[in-house]
Amino acid sequence: MPADPLPVLPCGVPPSVPKTLPQFSGDLSASAALRVECSREGFARVRSFTRDTLHGWSLDHRCDDATLVITELAANAATHAAPRAPGVPEIRLGFVLDPGHLLVTVSDLDDHPPVFAPTGAALEEHGRGLCIVDALSEEWGWSPGAPADNGAPAGKTVWARLSTRPATPCPPI
């Protein structure tokens, strides 16, 4: 079933979001993955795993942004995909490092694409996750999962690509 087109929203996301993972030059430095349950403990593991992985890769300067991005993507998966999954739902996190970028991924079993819902008011508690991901990453998107042989849901992977360069400081006012 084709997805409804995504509208242009206040945070500047174009109507089309890439549906393929970014391609790297083949010069990958490192990768890491984690499977977690959608629970309070699982989200604590997401944040801890992200910080520990980036520290090990000497990317402490990107830790706050990457932790926030992966937490938002994981929360979206838990909120929207987990209720459709049987049993205790799990999500899969991935990190791929190349010389200039960090790719973070969150995979779940739900086939529905991420929805960029417009926010009504700036102070609303929900609905801003993908705006945050968009603001902190160079690019983000999603790709459908490969169909399973046993008829299980194919799922999807939502990803964001972040620069590994240190952030430039804001100019003085």
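Predicted model: local features only at pLDDT ≥ 70, side-chain atom pairs only at ≥ 80, totals over all residues.
1. Ser58 is placed in the loop between α1 (40–56) and α2 (63–81). Helices (H or I, at least four residues) and strands (E, at least two) are DSSP runs, numbered from the N terminus. The phi angle of Ser58 is near 60°, a positive value in a residue other than glycine. With a relative accessibility of 57%, Ser58 counts as exposed. Here buried means under 20% relative accessible area, exposed over 50%, and partly exposed in between (1.4 Å probe, protein chains only).

2. Residues are numbered from 1 along each chain as its sequence is written, and side-chain values use heavy atoms, with hydrogens and water left out.

3. The secondary structure consists of 3 helices and 5 strands. Along the sequence, these elements follow the pattern β-α-α-β-β-α-β-β. Among contacts (heavy atoms within 4.5 Å) between residues at least 6 apart in sequence, 71% join residues at least 24 apart.

4. The protein has 173 residues, and 38% of them count as buried. Its accessible surface is about 10100 Å², and 56% of that surface belongs to carbon and sulfur atoms. Accessible areas come from the Shrake-Rupley method with a 1.4 Å probe; for residues, only the protein chains shown count as cover.

5. The interior deserves a separate point. In soluble globular proteins, nonpolar side chains tend to be buried together. A nonpolar core is a set of buried Ala, Val, Leu, Ile, Met, Phe, Trp, Tyr and Cys residues joined through side-chain atoms within 4.5 Å. The largest such core in this model has 32 residues, and Leu73, Val104 and Ala160 are those with the most contacts inside it. At least two residues of this core come from each of β1 (30–37), α1, α2, β2, β3, α3, β4 and β5. Helix α2 provides the largest share, 8 residues.

6. Which residues does Ala160 contact, leaving aside its neighbours within four places in sequence? They are Val69, Leu73, Leu102, Leu103, Val104, Val133, Ser137, Glu139 and Trp140.

7. Ser137, one of those partners of Ala160, lies in the loop between α3 and β4. At 11% relative accessibility, Ser137 is buried. Its side chain reaches the backbone oxygen of Val133 at 2.6 Å, and a polar atom of the Ser137 side chain lies 3.5 Å from the backbone oxygen of Glu139. For reference, a polar contact is a pair of N or O atoms within 3.5 Å; within protein, one must be able to donate a hydrogen and the other to accept it, and residues adjacent in sequence count only if both atoms are side-chain atoms. Beyond its neighbours within four places in sequence, Ser137 is in contact with Ala160, Arg161 and Leu162.

8. The model holds 7 salt bridges, each a side-chain nitrogen of Lys or Arg within 4 Å of a carboxyl oxygen of Asp or Glu. One of them joins Asp65 and Arg62 at 3.5 Å, N to O. Asp65 is partly exposed at 24% relative accessibility, whereas Arg62 is buried at 8%.

9. Another salt bridge joins Lys156 and Asp110 at 3.6 Å, N to O. Lys156 lies in strand β5 (residues 156–163) and Asp110 in the loop between β3 (101–108) and α3 (129–136), so the pair ties together parts that are 46 residues apart in sequence. Lys156 is buried, with a relative accessibility of 6%; Asp110 is also buried, at 7%.

10. In the salt bridge between Arg161 and Glu138, the closest N and O atoms are 3.9 Å apart. This pair links distant parts of the chain, with Arg161 in strand β5 and Glu138 in the loop between α3 and β4 (139–144), 23 residues apart. Arg161 is partly exposed at 21%, and Glu138 is partly exposed at 39%. A network of salt bridges links Glu138, Glu139, Arg161 and Arg165.

11. The structure holds 1 aromatic pair. Phe49 and Phe95 form this pair, which is tilted, with 5.7 Å centre to centre and 45° between the planes. Rings of Phe, Tyr and Trp (its six-membered ring) pair if their centres lie within 6.5 Å; planes under 30 degrees apart count as stacked, over 60 as edge-to-face and the rest as tilted. Phe95 is buried, with a relative accessible area of 0%.
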